[in-house]
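Let's work through some helix and sheet geometry together. Have the model open and try each exercise before reading its solution.

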Amino acid sequence: MVMTIRITPCGATKTVTGSCHLVEAKGLKVLIDCGMFQGAEEEKNYEPFPFEPRDIDYLILTHAHIDHCGRIPLLVKEGFRGKILCTRPTAQIARIMLLDSAKVMSETYRSRLKKAERLGEVVNPPLYEEMDVLDSFDFFSHPYLEYEKKYDLAPGFSFRLRDAGHILGSAFVELEIEGKRVIFSGDLGNKNKPIVRDPSPPSKARTVFIETTYGDRNHRSFKESKEEFEDAVLKTLYRGGNVLIPSYALERAQDILFVLREMYERDILPECQVFLDSPLAINATRIFLQNPDFFDRETYRIFRERDPFNFPYLKFTREVEESKKINDIKSGAIIIAGSGMLTGGRILHHLKHNLWREECSLIFVGFQPKGTLGRRIIEGAEKVRVLGEEIAVRAEVYTINGFSSHADQRELTEWLSHASPERTFLVHGEEEKMEVFADHIKSELGLRSYAPDFGEVIEV
Ligand SMILES: [Zn+2]
């Protein structure tokens, strides 16, 4: 009898959110990731899973970003009783990310509800609550998984996690089913970044599912971006302004602390006050310090002597009152706060106090999607609405793209060349970018590829 492996993409098809794949083979049902749909895709979270959650035996989690782990509490709420397999940092970071996600959903629900009631509209309730997040942690498997080690799920069905170099603890998955190898890239990292190692080259494989977030472009190198960043910070401080850095709490915030600490140690950072103004980023930084085994060689070497993310000018502001006090500082403050896309969070208060002052600067180190406040500012808006008030954009605005945690076209292509698959499936990317990447790998590697649709069953 010919053994078949059935793979069904259940998210991140021709889009970048909701990552989830169902693998059926040898009588097992295994999920790779169970991410949340975000932004314009948000409504899809309310559609039922295209499988029965109680039938799933294992969930292999590649990393702790919400678009990869965000629906786990919902999966558990709807009957999942299998095992969740991942590295230790992934489990630890997923816990704080999911708790934060539950909190944000409940706050958003309360504020939308008031408006909707007045309009006679219906609002979706939060997907899950804090207790559902805590319940889901009963299913995370101990001991946590290690990179490179082979784990058996059933006779003839094993897998390995390998370092994806994307965020701390991130992995790509190599399944081995009756001698057939299927690889799921998860999200792949940008090379030469601090803290995390470069992605491992994959093994040769018959089938690869690869992310294509930046399949259409190449980033500027991290080294060049770091220089741009240093320049922007120093210029602002010397002309007597404040520096605002909207940042994701995870990885990006730690990258920035790492670079600022380097500037301090190289003695180029003038005396100033640096605020990590985000409880989530503060918690994430603590988890980083608990997992030095996952650092790259340079960060590990620093860690053995001192804290790679701390220096004398840095203050962690957890409480709202402490955060509000930062508003009184007119000069010499570097403020790192969320959200990274200015869609909410403490950064909005700092914008209100600094964006209209020409001596200040706003440094974007992350992608700003269409329709966000961040994008409007980058596109040159003269005035923007912040917390219900019109604010003039007079601060200097910088966009620095080499801090990205994602591999670019060149890196994705190089990674894929090691696997040299017979079948390549493009996932986790916008359709236009997938098309560019498909053409690129056809001409560079001679690989034909295919972008599957949601729910399409693929047999390998
Ligand atoms: Zn990710």
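Axes here are lines fitted to C-alpha atoms, for helices over the stretch in contact, and angles run from 0 to 180 degrees between N-to-C directions. Helices (H or I, at least four residues) and strands (E, at least two) are DSSP runs, numbered from the N terminus. The model is predicted, with local features needing pLDDT of at least 70 and side-chain atom pairs pLDDT 80 or more, while totals for chains, interfaces and linings use all residues. Residues are numbered from 1 along each chain as its sequence is written, and side-chain values use heavy atoms, leaving out hydrogens and water.

**Exercise 1.** Describe how α6 and α8 pack.

Step 1: α6 (residues 252–265) and α8 (residues 297–305) have axes 13 Å apart, at an angle of about 60°. That makes α6 oblique to α8 (under 35 degrees is roughly parallel, over 145 roughly antiparallel, 65 to 115 roughly perpendicular, the rest oblique).

Step 2: Look for contacts (heavy atoms within 4.5 Å). Phe258, Arg261 and Glu262 of α6 meet Glu298, Thr299 and Ile302 of α8.

**Exercise 2.** Work out the strand order of the open six-stranded sheet.

Step 1: Strands pair if DSSP finds at least two bridges between them. With parallel pairing, the order reads β13-β12-β14-β11-β15-β18.

Step 2: Find the edges: β13 (314–316) and β18 (396–399) each pair on one side only. The twist from one strand to the next averages 20°.

Step 3: Zoom in on β12 (residues 273–276), which joins β13 through three parallel bridges. Phe275 has Lys315 in β13 as its bridge partner.
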